Amino acid sequence: AVGGAVLLALIVAAVAMLHHFWPFTEAAVKRELGDAASAKVSFTNIHDKYFPPGCVAEGVTFQRNSSGPPLITIRRLTIRSNLLGLLHHHVSLIRAEGAHANWQKAENDADPPSQPTVVDRLIADDAVLEIPRKASEGPLRFVFHKFQVSNLRGPGQSSFAAELENPLPHGELKVSGHFGPWNNAAPTKTALDGEYVLDHADLGV
């Protein structure tokens, strides 16, 4: 009987802790993503997942300029953590499916969060990045077959690896490397190193 009472108390304490530290409400996720991208975030729907803790959002839109195209759209965004991570602003995985990004000038008006959420792995396979050019030329379009970043916003350096279709010159590009720690005051001065291989390049373009 005593063991049962102790177990019940532990369950109640765990539920209370989850309720207090639960970061996956719609408002909290919008705020965290919006702060990270300096954009307003909206979903068509979102639902929690408790084992493992996290959430799945669909129809995700990051918007900076109300009159322009979205900064990012994502068909389905999965965020996964663990019980220890809930206590330390730590996410095990963010997976973005059907991501499409439009390159826009970074905005640095907002102060960085005092305790940013660390992401062990960000995966955005089959993502598309478009960089605007003259209207007559159309945007430069990069199609990422594979894209992954590790230790995003964590201490020290983050690592990245990608396989993509390079538009100019056209070819299959593989890149990998490291960046960081992130320089909030001057992002262009953030340390960066890496290597690349361009296969099947069409140098006649």
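How many helices and strands does the chain have? The chain has three helices and eleven strands. The model is a predicted one. From the N terminus on, the order of elements is α-α-β-β-β-β-α-β-β-β-β-β-β-β. The points below cover the chain as a whole, strand pairing, the nonpolar core, salt bridges and aromatic pairs.

**Chain as a whole**

- The chain is made of 205 residues, and 30% of them count as buried.
- Its accessible surface is about 12900 Å², with 59% of that area belonging to carbon and sulfur atoms.
- Taking contacts between residues at least 6 apart in sequence, 45% join residues at least 24 apart.

**Strand pairing**

- Strand E5 pairs with strand E6 (residues 118–123) in the parallel sense, and five bridges are found between them.
- Within this part of the structure, isoleucine 94 stands opposite leucine 122 of E6.
- E6 is also joined to E8, here in the antiparallel sense and by four bridges.
- Arginine 121 has serine 150 of E8 standing opposite.

- The largest nonpolar core holds 34 residues, of which Val60, Phe62, Leu77 and Ile79 touch the most other members.
- With neighbours within four places in sequence left aside, the contacts of leucine 77 are Leu33, Cys55, Val56, Ala57, Val60, Ile94, Arg95 and Ala96.
- Threonine 78 is found in strand E4.
- The relative accessible area of threonine 78 is 13%, which is under the 20% limit, so the residue counts as buried.
- Not counting residues up to four places away in sequence, threonine 78 touches Cys55, Val56, Leu93, Ile94, Arg95 and Glu97.

**Salt bridges**

- Side chains of opposite charge can pair when their charged atoms come close. The whole structure contains five salt bridges.
- One of these bridges joins the side chains of lysine 30 and glutamate 26, with an N to O distance of 3.0 Å.
- Both lysine 30 and glutamate 26 belong to helix H2 (residues 26–37), where they sit four residues apart, or about one turn of the helix.
- Lysine 30 is partly exposed at 26% relative accessibility, and glutamate 26 is partly exposed at 39%.
- Arginine 153 and glutamate 32 form another salt bridge, their closest N and O atoms lying 3.6 Å apart.
- This pair links distant parts of the chain, since arginine 153 is in the loop between strand E8 (140–152) and strand E9 (158–167) while glutamate 32 is in helix H2, 121 residues apart.
- Arginine 153 has a relative accessible area of 29% and is partly exposed; glutamate 32, with 31%, is partly exposed as well.
- Glutamate 97 bridges to arginine 76, and the closest N and O atoms of the two are 3.6 Å apart.
- Here too the pair links distant parts of the chain: glutamate 97 is in strand E5 (residues 90–102) and arginine 76 in strand E4 (residues 72–80), 21 residues apart.
- Glutamate 97 counts as partly exposed at 26% relative accessibility, and arginine 76 is partly exposed with 29%.

**Aromatic pairs**

- A pair of aromatic rings is described by the distance of the centres and the angle of the planes. The structure has three aromatic pairs.
- In the pair of phenylalanine 160 and phenylalanine 179, the ring centres are 6.2 Å apart and the planes meet at 35°, so the pair is tilted.
- Because phenylalanine 160 lies in strand E9 and phenylalanine 179 in strand E10 (residues 170–179), the pair ties together parts that are 19 residues apart in sequence.
- Both phenylalanine 160 and phenylalanine 179 are buried.
- Phenylalanine 179 also pairs with tryptophan 182: the centres are 6.4 Å apart and the planes are at 80°, so this pair is edge-to-face.
- Tryptophan 182 is exposed, because its relative accessible area of 51% is over the 50% limit.
- Ring pairs link Phe160, Phe179 and Trp182 into a cluster.

Technical notes
Residues are numbered from 1 along each chain as its sequence is written. This is a predicted model: local features need pLDDT of at least 70, side-chain atom pairs count only at pLDDT 80 or more; totals for chains, interfaces and linings use all residues. Side-chain values use heavy atoms; hydrogens and water are left out. A nonpolar core is a set of buried Ala, Val, Leu, Ile, Met, Phe, Trp, Tyr and Cys residues joined through side-chain atoms within 4.5 Å. Buried means under 20% relative accessible area, exposed over 50%, partly exposed in between (1.4 Å probe, protein chains only). Contact means heavy atoms within 4.5 Å. A salt bridge is a side-chain nitrogen of Lys or Arg within 4 Å of a carboxyl oxygen of Asp or Glu. Helices (H or I, at least four residues) and strands (E, at least two) are DSSP runs, numbered from the N terminus. Rings of Phe, Tyr and Trp (its six-membered ring) pair if their centres lie within 6.5 Å; planes under 30 degrees apart count as stacked, over 60 as edge-to-face and the rest as tilted. Accessible areas come from the Shrake-Rupley method with a 1.4 Å probe; for residues, only the protein chains shown count as cover. Two strands pair if DSSP finds at least two bridges between them.
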